[in-house]
Amino acid sequence: MPPRKQIYFDCAASTPVDPRVVAAMRPFFSVQFGNPSSLHTPGRAAAAAIDSARASIAQFLGCSATEIVFTSGATEADNLAIRGVVAASTLRRPHIITSVIEHPAVLETVRALESEGLARVDYVPVGVDGVVKFEAVKKLIRPTTVLISLMYANNEVGTIQPVRDIGKLLERLNRGRAQRIYLHTDAVQAINYLNCDVGYLRADLLSLSGHKIYGPKGVGALFVRSGVKIKSVLHGGSQEGGLRPGTLNTPLIVGLAEAVKLLRPQRDAAVVRLLRDQLYQQLLKKIPKLQINGSFEKRLPNNLNFSCTGVEGERLMLMLDSAGMAVSTGSACASGSIEPSHVLLAMGLPAWAVAGSIRLTLGRGTTAAEVNYFLRSAPAIIRRAQDVAWRAREH
Ligand code: PLP
């Protein structure tokens, strides 16, 4: 029996590959399969497809094609950006500033560098709104700071961070500094809806991932502004100017570029915001004491992260799943663990709100009918989850 169609409200975890992306990738598996480093005709055909993919992504980001490095995803892009800048620094233990709400791809990388004695790190806190304060970042800058890594939008609560403000600040500060401070932003969640032009942001490094933008999994890219001092973290061939050795994965790269070409941030934001706002307004009416987590205003238009009293998020997520609705609690990217979310904890939410949080992330395929189905069925399921939790506590 084919699986029942789930209503999918987990686009921050992954998105379906757009059929146009699948079609663009298809020839590069078995027909145009040459190694793009080979000089013969099949190799040159693959290299040409990669050149064209690189140009498309560069056009979207407002940079030059030579500034795009293909990776296996955003985890690798984040690792390369951070480790690469530290490795290229002439300082003994360069200083990095990041935030407490970064994705593990950034947080674990800087923690590893700290424990290896290769860098000093400051973690900017956030308030209950889930947004880093510009002044808090500014205050942490030291003479040895080489990198600020600040995500553009958070993957759990969708809050939008002041990346452009930091970029403008660094533009001014760097004029008088011998040691430039680079700005890295993980734009994985933002790229669907926000302006990711690297000139607008003043970013030096920017990470993106295929599977969050209706492209394939296992591919991503790092924008590296020309002139940024960065070293490869892998050893091998001379692909990607030596920054990322390894045979380029032509079909995935072509798919990533096709997905980027299909992005319409402004239009998609307007459409999804309408549905998300309707969902939120109705949920507020139907669920007593529903609490939105993080700033509602400074948030991606597809994200709703809320908590209900007396509910275990994990149990509620499974109950909704059984009723045909895929949502998430905490971050599905964080290894499927049921550890309390580091983001909600960092925001200082009370224990009940951390334990009872649910994330809904809408996407390109979300329909009004799906939103209405959720509104009709979820309130009763939430009440049942509250009953179950209450009875469990009584025993
Ligand atoms: N950064 C953010 C903000 C994410 O949401 C994710 C999602 O998993 C990643 C990085 C990792 O991306 P990838 O799955 O391409 O390694």
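Student: How far from a nitrogen atom of the ligand does a polar side-chain atom of Asp-186 lie?

Tutor: Start with the cut-off. A polar contact is a pair of N or O atoms within 3.5 Å; within protein, one must be able to donate a hydrogen and the other to accept it, and residues adjacent in sequence count only if both atoms are side-chain atoms. Here, the polar side-chain atom of Asp-186 lies 2.6 Å from the ligand nitrogen. The side chain of Thr-75 places an N or O atom 2.6 Å from a ligand oxygen. Ala-74 uses a backbone N or O atom, at 2.9 Å from an oxygen of the ligand.

Student: What share of the accessible area of the ligand does the protein cover?

Tutor: Accessible areas come from the Shrake-Rupley method with a 1.4 Å probe; for residues, only the protein chains shown count as cover. On its own, the ligand has 390 Å² of accessible area, and the protein covers 90% of that.

Student: What should I know about the model and the numbering before I go on?

Tutor: This is a predicted model: local features need pLDDT of at least 70, side-chain atom pairs count only at pLDDT 80 or more, and totals for chains, interfaces and linings use all residues. Residues are numbered from 1 along each chain as its sequence is written, and side-chain values use heavy atoms, with hydrogens and water left out.

Student: How many cavities of 30 Å³ or more does the rule count?

Tutor: On a 1 Å grid over the protein atoms alone, a cavity is a set of points where a 1.4 Å probe fits but cannot get out; lining residues have an atom within 4 Å of a point. Grid points are joined across faces, edges and corners, and a volume is the space filled by probe spheres set on the points. The count here is one cavity of 30 Å³ or more. The largest cavity holds about 60 Å³ of space. Its lining includes Cys-11, Gln-189, Lys-212 and Tyr-214. By class, that lining has six nonpolar, four polar and one charged residues.

Student: Is Tyr-214 buried or exposed?

Tutor: Buried means under 20% relative accessible area, exposed over 50%, partly exposed in between (1.4 Å probe, protein chains only). Tyr-214 counts as buried because its relative accessibility is 5%. Tyr-214 sits in the loop between strand 7 and strand 8 (220-224). Now check its backbone. Tyr-214 is not a glycine, yet its phi is positive, at about 70 degrees.

Student: Where is Arg-202, and what is its phi?

Tutor: Arg-202 lies in the loop between helix 8 (198-201) and strand 7 (205-209). Its phi is positive too, about 65 degrees, although Arg-202 is not a glycine. At 24% relative accessibility, Arg-202 is partly exposed.

Student: Which side chains make a polar contact with the side chain of His-184?

Tutor: The side chain of Ser-207 does, at 2.8 Å. The side chain of Asp-78 does as well, at 3.4 Å. His-184 belongs to strand 6 (residues 182-186). With 0% relative accessibility, His-184 counts as buried.

Student: Why does Ser-99 count as buried?

Tutor: Ser-99 counts as buried because its relative accessibility is 0%. It lies in strand 3 (residues 95-99). Its side chain makes a polar contact with the side chain of Glu-102, at 2.7 Å.

Student: Is Ser-115 buried or exposed?

Tutor: Ser-115 is exposed, at 64% relative accessibility. It is in helix 5 (residues 104-115). A polar atom of its side chain lies 3.1 Å from the backbone oxygen of Ala-112. Glu-114 is in helix 5 as well. Glu-114 is partly exposed, with a relative accessible area of 29%.

How values were computed
Helix = DSSP H or I, 4+ residues; strand = E, 2+ residues; numbered from the N terminus. 1 Å grid on protein atoms, 1.4 Å probe; cavity = no way out; pocket = protein on both sides within 12 Å on 5 of 7 lines; lining within 4 Å. Nonpolar A, V, L, I, M, F, W, Y, C, P; charged D, E, K, R; others polar.
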